Amino acid sequence: MRFDYYTASIEAKADHVLTHLHGSFEQSDVIPTKPRNGYERAYNVVRGDSVLARVQWGGSSVGTRVWASASGDRAPAFAAVLRDEFRGHNLLRADVAIDYCEPGAWDSLYALGLETADKFGLKVTHVGDYHRQEGGRTLYIGSRTSAAMKRIYEKGKQTGGDPDHVRAELELKPQNAKAKQVYAYASPEQMWMATRWTQHVLQVLTGVNGMQPAPPGTIRQQTDDERALEFMAKQYGNILRRKLEALGGDVEAFGLFVAQLVADK
């Protein structure tokens, strides 16, 4: 299990980001490239013909943070550099791959994908050569606009490699500020635990189960009443705690006490 794609937003000077990435990859060079997605400047960190990382910044519509990304075999080392040097970065997207190279891998993973989609009510999309099964098939589970999406694809057939090489890959895009910070330091296994349905897939594939680091979706907005109750708890927390202790820690008795207070008003 490893990162296959890692994109981050960094609060740092672009020169510092480029210099550190250049120094972190031996025998690399920094060359200008065409900016995309509204950025004004872009550079690639390269080794020969291989792009190790891409860095973009500038532009009135994209803010002051530096955008940086790496994919494929370069993604794990790139993620390690960012997590070590730029500890305040936000994760924009991470792809986490689990590879299988064995006969029947596609059939098993495909069946698990459909079972998961039906169990959790997820969108299913078929792409590729389902007729002759020569050019490689891909099954998408979930929506590209959601925080988590999974794809299963015959990577070996698509790249001309081992035809039994099949990849199950999670695409995770944290949707709010807290999740972008938390998942910037989550392990690949923890990213697979981001939602109930991805936890289900991980448990079937590896036997691993656990709690998600933080909800990856949009934070629910508090109501006025919820904010008022939270304020009350901060203001009178010590008094309420002493009453709970006086009742011997009996939560039910404490609840009845509070309910009676409210009813008497």
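Predicted model: local features only at pLDDT ≥ 70, side-chain atom pairs only at ≥ 80, totals over all residues.

Student: How do you know how the protein's radius of gyration sits against a compact globule?
Tutor: Set the two values side by side: a compact globule of 265 residues would have a radius near 18 Å, but the protein has 24 Å. The C-alpha atoms fill a box of roughly 75 × 50 × 30 Å along the principal axes.

Student: What makes a residue buried here, and how many of the 265 residues of the protein count as such?
Tutor: Buried means under 20% relative accessible area. By that cut-off, 39% of the 265 residues are buried.

Student: Why is strand β8 called largely enclosed?
Tutor: Four of the five residues in β8 (residues 137–141) are buried, so the rest of the structure largely encloses this strand.

Student: How do you know that β8 pairs with β7 and with β9?
Tutor: Two strands pair if there are at least two bridges between them. Strand β7 (residues 124–128) has five bridges to β8, and β8 has four to β9 (residues 148–153), so both pairs pass the cut-off. β7 and β8 run antiparallel, and β8 and β9 do too. Among the bridge partners are Thr-125 with Tyr-140 of β8, and Thr-138 with Tyr-153 of β9.

Student: Which residue takes a positive phi in the hairpin of β8 and β9?
Tutor: Gly-142, with phi near 95°; the hairpin has six residues between its strands.

Key. Residues numbered from 1 in each chain as written. Heavy atoms only, no water. Rg over C-alpha atoms; globule rule 2.2 N^0.38 Å. Buried < 20%, exposed > 50% of the residue type's maximum accessible area, 1.4 Å probe, protein only. Helix = DSSP H or I, 4+ residues; strand = E, 2+ residues; numbered from the N terminus.
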